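Reader: Can you walk me through this one? I'd like to start with the strands and then move to pockets.

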Amino acid sequence: QVQLEESGGGLVQPGGSLRLSCAASETIPSINAMGWYRQAPGKQRELVASITRGGTTTYADSVKGRFTISRDSTKNTIYLQMNSLKPEDTAVYYCMTRTTFGTLWGQGTQVTASS
């Protein structure tokens, strides 16, 4: 059973853009928040952006002004629009869904910004 379906990763030039998508299965009960984390080799997993059920957003300082998280509640889907990508954005990006009963993680999608 695939509960979080991620897509949109890839290889781009520095300064380029990517859009990540994460669709949560309708079978997941009581979603309170969704978001994106990333993990680069040798580094800890860190929060990139999140959005609550009420629409409150949170961003890492390193991506403010460049990344935008959004939500389509009718489809249980979130998006991460990533503009002006930098080499330091290179990482595996993981979709996260927080529910009343626990936290779920996607399989991860690779984002690489390199010349």
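Author: A definition to begin with: two strands pair if DSSP finds at least two bridges between them. Keep in mind that the model is predicted.

Reader: Fine. What is the bridge partner of Glu5 in E3?

Author: Glu5 is bridged to Ala23 of E3.

Reader: And how many bridges join E1 to E3?

Author: Four bridges join E1 to strand E3, residues 18-24, and the two strands run antiparallel.

Reader: What order do the strands of that open sheet have?

Author: The order is E1-E3-E8-E7, four strands with antiparallel pairing. At the edges are strand E1 (4-7) and strand E7 (67-72), each of which pairs on one side only. On average, neighbouring strands of this sheet are turned by 15 degrees against each other, direction ignored.

Reader: What holds strands of a sheet together, in general?

Author: Strands of a sheet pair through backbone hydrogen bonds, parallel or antiparallel.

Reader: Which strands supply at least two residues each of its lining?

Author: Strand E4 (31-39), strand E5 (46-52) and E7 do. E4 gives the most to the lining, with four residues.

Reader: Which residues line the largest pocket?

Author: Ile31, Asn32, Ala33, Met34, Ile51, Thr52, Arg53, Arg71, Asp72, Ser73, Asn76 and Thr77.

Reader: How do the residues of that lining divide into nonpolar, polar and charged?

Author: The lining of the largest pocket has four nonpolar, five polar and three charged residues.

Key
Residues are numbered from 1 along each chain as its sequence is written. This is a predicted model: local features need pLDDT of at least 70, side-chain atom pairs count only at pLDDT 80 or more; totals for chains, interfaces and linings use all residues. Side-chain values use heavy atoms; hydrogens and water are left out. Axes are lines fitted to C-alpha atoms, for helices over the stretch in contact, and angles run from 0 to 180 degrees between N-to-C directions. On a 1 Å grid over the protein atoms alone, a cavity is a set of points where a 1.4 Å probe fits but cannot get out, and a pocket is an open set with protein on both sides within 12 Å along at least five of seven lines; lining residues have an atom within 4 Å of a point. Ala, Val, Leu, Ile, Met, Phe, Trp, Tyr, Cys and Pro count as nonpolar, Asp, Glu, Lys and Arg as charged, and the others, Gly among them, as polar.
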